[in-house]
Amino acid sequence: MKRICVYAGSNVGNSPEYAERAQRLGEELAARGIELVYGGSKIGLMGIVADAVLAGGGRAIGVMPAGLFRGEMRHTGLTEFHETANMHERKALMAELSDAFIALPGGIGTFEELFEMLSWSQLGIHQKPVGLLNVNGFYEPFYNMVDHAITAGFARESNKQLFIMDGEPTTLVESLVNFTRPELENKWKQLSE
Ligand code: AMP
């Protein structure tokens with residue numbers, strides 16, 4: 001596994017554990033020689049992961065759309081920096097560059113990126129693993145929401161095998177490296193009846 005894309009909050013959250021776990025994820029990537037692909041910001045958990053990767057001697061690649069974010073938010077010490085025309089191009093490039101995805105705690109922006117990669121995985125557009133760093137049970141409500149969709153007949157049980165949830169950076173990255181994609185049932189129940 002050469003590169004992992006990390007989606008993370010552009011804020012740090014209100015518990016020190018979020019920052020601490022983001023820091024350890026960055027250290028883990030650097031120690032394994034796995035390059036970081038991320039949104040290119042110096043603020044929030046995003047900046048903490050990138051700084052930890054760089055401090056550990058690793059490579060951090062930023063991908064940011066031109067003009068959307070204020071200039072001072074950009075991390076200027078990255079190994080590589082790509083500027084894209086818009087958010088769609090940015091997310092496509094981040095996905096293309098990466099062999100796996102990890103979502104840290106974050107807000108709407110993080111959710112959007114996470115859901116896009118899960119949706120593309122479900123449709124077979126990519127076969128790459130998706131991991132959720134479940135700091136302080138942050139992603140429990142997400143898991144319950146997926147369960148709720150399954151119970152209500154809008155998603156398949158096998159969808160839960162498309163992602164791995166773990167609170168520990170070390171074991172999460174290990175699971176992504178060893179991930180075997182599940183055989184998915186037909187997404188559309190009416191077509192298999
Ligand atoms: P949020 O979770 O709402 O804080 O949004 C975080 C996600 O949205 C990141 O993974 C980025 O891709 C994008 N994003 C939000 N704010 C910024 C920023 N200041 N600089 C770069 N990307 C950002």
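Start by selecting helix α3, residues 87-97: R90, K91, L93, M94, A95 and L97 are buried there. Buried means under 20% relative accessible area, exposed means over 50%, and partly exposed is anything in between, using a 1.4 Å probe and protein chains only. Helices here are DSSP runs of H or I with at least four residues, strands are runs of E with at least two, and both are numbered from the N terminus.

A quick word on what you're looking at: this is a predicted model, where local features need pLDDT of at least 70 and side-chain atom pairs count only at pLDDT 80 or more, while totals for chains, interfaces and linings use all residues. Residues are numbered from 1 along each chain as its sequence is written, and side-chain values use heavy atoms, with hydrogens and water left out.

Now show what surrounds α3. Its buried residues pack against β1 (3-7), β2 (35-38), β3 (60-65), β4 (80-84), β5 (100-103) and α4; contact means heavy atoms within 4.5 Å. Zoom in on M94, which lies in this helix and is buried at 1% relative accessible area. Setting aside neighbours within four places in sequence, M94 is in contact with C5, Y7, V37, Y38, G39, V63 and F101.

Next, go to the N-terminal end of α3 and pick N86. This residue caps the helix, with a side-chain oxygen 3.1 Å from the backbone nitrogen of H88. A polar contact is a pair of N or O atoms within 3.5 Å; within protein, one must be able to donate a hydrogen and the other to accept it, and residues adjacent in sequence count only if both atoms are side-chain atoms.

Time for the ligand. Then try G109, where a backbone N or O atom lies 2.9 Å from an oxygen of the ligand, and I108, where the distance from a backbone N or O atom to a ligand oxygen is 3.5 Å.

From there, jump to H126, in the loop between α4 (108-122) and β6 (130-133). Buried or exposed? H126 counts as buried, because its relative accessibility is 8%. A polar atom of its side chain sits 2.8 Å from the backbone oxygen of M117. Beyond residues up to four places away in sequence, H126 touches F101, M117, W120, S121 and R181.

Now select α1 (residues 16-32) and α2 (residues 44-55) together. Their axes come within 7 Å and cross at roughly 35°; these axes are lines fitted to C-alpha atoms over the stretch in contact, with angles running from 0 to 180 degrees between N-to-C directions. Colour the contact: α1 supplies Y18, A19, A22, Q23, G26, E27, L29 and A30, and α2 supplies L45, I48, V49, A52 and V53.

Stay on α1 for E28, which is buried at 14% relative accessible area. Apart from neighbours within four places in sequence, E28 is in contact with P169, T170 and V173.

Last stop: E140 in helix α5 (residues 140-151). E140 is partly exposed, at 37% relative accessible area, and its side chain makes a 3.0 Å polar contact with the side chain of N134.
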